[in-house]
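The following questions and answers examine a predicted model. Please consult the sequence and the coordinates alongside each answer.

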Amino acid sequence: MDEKKLIAEAKKIRNRSYSPYSNFKVGAALLGNSGKVYYGTNVENSSLSLGVCAERVALLKAVCSGEKEFTKIAIVASGENLITPCGLCRQALFEFSPGMKIICSNLKGKVRKFTLKGLLPHPFKDAKKKGRR
Ligand code: THU
């Protein structure tokens with residue numbers, strides 16, 4: 001799927017955002033190596049810290065569906081300034097596909113592309129692999 005279509009998909013799913021506390025809707029479309037797309041929106045809660053970002057919703061849905069490698073994610077939100085994934089989402093995505101691309105867009109079609117490695121140059125790496133118990 002090309003980037004324009006992935007952005008369009010993220011824009012569409014954004015309408016399902018549950019964000020009555022921030023009033024800020026975010027949509028994400030995550031492209032798996034299989035070619036399948038996984039969708040996410042931010043889902044908030046009256047207990048504010050329980051809110052989950054659109055990117056992680058898409059990622060967790062994908063992993064539960066059996067997909068663990070991804071080529072790119074499109075993220076769409078309103079406003080002039082493009083949003084980029086928060087630190088938690090960067091680390092969560094890095095776990096599965098450090099080489100993926102991040103495509104950020106607003107509703108007017110302004111687009112900026114990043115690499116995940118560029119956005120998260122020093123990720124936390126699995127301590128267990130180094131022999132920690
Ligand atoms: N949010 C996302 O879903 N993705 C981002 O990349 C940044 C922020 C959500 C979290 C919260 O529901 C709302 O946007 C306002 O921060």
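**Strand, sheet and surface**

Q: Is T41 buried or exposed in this predicted model?
A: The relative accessibility of T41 is 8%. Buried residues are those under 20% relative accessible area. T41 therefore counts as buried.

Q: In which strand is T41 placed, and which residues does T41 touch, leaving aside those up to four places away in sequence?
A: T41 has its place in strand β2. With residues up to four places away in sequence not counted, the contacts of T41 are I13, R14, R16, S17, Y18, V26, V52, C53, A54 and V57.

Q: Which strands are the edge strands of the open sheet?
A: The open sheet is formed by 5 strands with mixed pairing, in the order β2-β1-β3-β4-β5. An edge strand pairs on one side only, and this applies to β2 and β5 (111-115).

Q: What angle does the direction of α2 make with that of β2?
A: The helix α1 lies across β1, β2, β3 (70-77), β4 (101-106) and β5, and runs at about 50° to β3. The helix α2 packs on the sheet and touches β1, β2 and β3. Its direction relative to that of β2 is about 140°.

Q: Which residues make the nonpolar surface patch, and what is its area?
A: The patch is made by Y18, Y21, V43 and L48. Its area is about 420 Å².

Q: Where is V43 found, and how does its relative accessibility classify V43?
A: V43 lies in the loop between β2 (37-41) and α2 (54-64).

Q: What is the relative accessible area of Y21, and where is Y21 found?
A: Y21 is found in the loop between α1 (3-13) and β1 (26-32). Y21 is partly exposed, because its relative accessible area is 44%.

Q: Which residues does Y21 touch, and how far apart in space are Y21 and Q91?
A: Residues up to four places away in sequence being excluded, Y21 touches E44, N45, S46 and L48. Y21 and Q91 are separated by 70 residues in sequence. From C-alpha to C-alpha, the distance between Y21 and Q91 is 25 Å.

Conventions: Residues numbered from 1 in each chain as written. Predicted model: local features only at pLDDT ≥ 70, side-chain atom pairs only at ≥ 80, totals over all residues. Heavy atoms only, no water. Patch = residues over 30% accessible without salt bridge, like charges linked within 9 Å, V, L, I, M, F, W, Y side chains within 5 Å. Areas by Shrake-Rupley, 256 points an atom, 1.4 Å probe, with all protein chains shown as cover. Salt bridge = Lys/Arg side-chain N within 4 Å of Asp/Glu carboxyl O. Helix = DSSP H or I, 4+ residues; strand = E, 2+ residues; numbered from the N terminus. Buried < 20%, exposed > 50% of the residue type's maximum accessible area, 1.4 Å probe, protein only. Contact = heavy atoms within 4.5 Å. Pairing = 2+ DSSP bridges. Axes fitted to C-alpha atoms, helices over the stretch in contact; angles between N-to-C directions.
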